Structures are given as structure tokens and as C-alpha cells.
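Dear colleague,

I am passing a structure on to you, and my notes on what was found in it follow below. Please look through it before you read on.

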Amino acid sequence: MADLRDDDELLRRVVNRQDFLVWHDDEGRWVPSLAGIRFDPDGMSVFVLRILAANGYRPADVATLGETKPDELVFAAPTSAVEQLGFTAQHTPNKQTPIGDAHASINSPPQVPRAALRALRSELATALHCTYGTPAPAAPPGA
Amino acid sequence: MGKGPMTATLTGLDEPEQYGSSARTGTSAFELVVPRPTIVRVAGGRGVPRWLPHVLQRLNDLEAALHEPADEARVLPDPQAVWRALRELGGILGDRIPTPSVVPTVDGGVQFAWHKAGWDVEVEVLANETVVWVRRRDEGQGDAGLIAEMRPLLDRALRALESTP
């Protein structure tokens, strides 16, 4: 396992469908919905760009999880932005996909009330920026 | 002309129970899905709000997804949440509100969301309750809770959204 640096970009694969995207009208871009950044008991899966690159992979490979899944979107945020919100990020390599060596996990701060945790996750979603792919939906009319 | 939230009168709306019926023919089974037509009327206000067609289409999309083949990439709302969202949106969204994004949540809810005019607002309608997150971006961390306790801050945010072009 490697230590993550503050400027390490953490890449998250998000399904390119309207159900997983929320329009940010002030910034003219899409951000993931909470369903797009789902947390399971092991945290939220992301990939470390620096480690991907060292292994010859690109952000596009996160979109397909190393060609094992359909092509989707890739959103990114630096480790510093994630940790500033109170989340922790750890390098957690695995062998589940060809790019598993770059796998990392973002975990929620412990013992935070449910409502506050929800607020933090919503803030995390807005901190993510699309770094690969073209979002399929159009902005809601009249947004 | 009313200035308050729009009211929506729903006719032909029943609580969702069994959808259609099942029959077997030969070696295949199929299910007849008979949508229950729902008529939404706008009473008061200044005519049809600009957000209504999109929101109704999205609610319809989410409800229809419940009857589609399973898809591991899909997040499905609780049907009660979809129907509750339809009933409650008139009391939440004023007629001048910009069109929200409408998405399902992992807790089975339907969420209306805006990032506009310096505000971040999420209203999540679940099967039995409604949860709100509101943040004024230049004021730092937002706040989240049940809609009853969040109503003053939510109303402040929605008024700000209403005043945008």
C-alpha cells in the first residue's frame, strides 16, 4: 500500500445516466448524485491517478474498469479536498480488475450523525469534477 | 392570482398495489403492466410552472423503471416515495422555482436538487418522510434534517431560487 499525497487525484466512475447526475447551474456542469457516489461498508471506491499512470493506465480506463465494464463517466477530486471535508482516503489495492492496483477507498468520518453525514456526502459530490466522458443528459429545461 | 405554492389536484390516483396480472402461456411467463392514469391539475398560481413537465416526466421514468428488467446499474426508488413525491411537490416547489434535477437515492427516495444562485438544495422524498439539505455556498457548511425543522432555511433558499432569471 502506498501513502496518498494531498495532490493525488482520486477518480470515481459514475454511470452516465440522468439518474446519477445533478445539474450544477452556477458552474454549468454535472455533478454526481448521491447514488453516483454510493458508499458501501468498505467505503467508496476510487482510483489513484498517479498509480494508474505508473501502471500505464489513463482516466479512460477507470470509465471501463480496465475494459471489464461499459464506458461511463469519470469524476475526480484531489485527496486534500476529500480530507478537508472530514473523509479519509486510503490506498487499498485489489485484484478485482486490471486497474485494481490503483484502487483506493474513501471512508466517511466516524460517529457523525446521519443528517450531518448526508450533508458531508452532498458536499463531496459537488467537489467532484468530470475528467473523462461527456454526460449524456441535457440540462433540465428551465433550470 | 395566488402567490403561494401551487396546489396540484390529483385524480384517478390510487395507492400502488399489484400492477396488472400475471399469466403463463406455453413455457413463458409475462406480466401485464397496466399504468394507472393520473391526471394532474394546476389550481391557482400563474399557470403551469415551467418545472412541471420535466418533473412529471422524471417521476414517470422512475416509476416505469420499477417494471423494467433488473439492471445492476440502476437505483430504484420505493414506489411509495414516487407517489409521495408526486403528492408533495406542489407544496414544496413554488410556481417560479427553476427546474430541479430529479434523481433516485440509495435509500429508495426521490430527490429534487438545485445548485443555483449560490445555493445548494436537495429535497429527498422518502416513503415516510422528507429530508432536506441546504447550503449557502459562501456561508460554509450546510445543514440537513427533516423538512419540518429545515423549513425556514429551505424557504429562504427557495425564495432565492425563485428570484433568479
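Rings of Phe, Tyr and Trp, the last by its six-membered ring, are taken to pair if their centres lie within 6.5 Å, with planes under 30 degrees apart counting as stacked and those over 60 as edge-to-face. By this rule the structure, which is a predicted model, holds two aromatic pairs over all chains.

One of them joins A:W23 and A:W30, whose ring centres are 5.2 Å apart with 65° between the planes, so that the pair is edge-to-face; both of these residues are buried. The other brings together A:F39 and A:F87 in a stacked arrangement, at 5.9 Å centre to centre and 25° between the planes. This second pair links distant parts of the chain, since A:F39 sits in the loop between β3 (29-32) and β4 (44-48) of chain A, while A:F87, 48 residues apart from it, sits in the loop between α3 (79-84) and β6 (88-91) of chain A. Both A:F39 and A:F87 are buried, and A:R121 lies over the face of A:F39, at 4.1 Å from the ring centre.

Turning to the two chains together, 36 residues of chain B are in contact with 30 residues of chain A, and the chains bury about 2600 Å² between them, of which 47% is on carbon and sulfur atoms. Eight salt bridges are found across this interface, including one in which the side chains of B:E122 and A:R118 meet at 3.0 Å, N to O. On the side of chain B that touches chain A, the elements that each supply at least two residues include α1 (52-65), β7 (119-125) and β8 (130-136) of chain B.

Terms used: Residues are numbered from 1 along each chain as its sequence is written. Chains are lettered from A and ligands numbered from 1 in the order in which they are written. This is a predicted model: local features need pLDDT of at least 70, side-chain atom pairs count only at pLDDT 80 or more; totals for chains, interfaces and linings use all residues. Side-chain values use heavy atoms; hydrogens and water are left out. Buried means under 20% relative accessible area, exposed over 50%, partly exposed in between (1.4 Å probe, protein chains only). Helices (H or I, at least four residues) and strands (E, at least two) are DSSP runs, numbered from the N terminus. A charge sits over a ring if NZ of Lys or CZ of Arg is within 6 Å of the ring centre and within 35 degrees of the ring normal. Contact means heavy atoms within 4.5 Å. Buried area is the accessible area (1.4 Å probe) that two parts lose on being put together, summed over both. A salt bridge is a side-chain nitrogen of Lys or Arg within 4 Å of a carboxyl oxygen of Asp or Glu.
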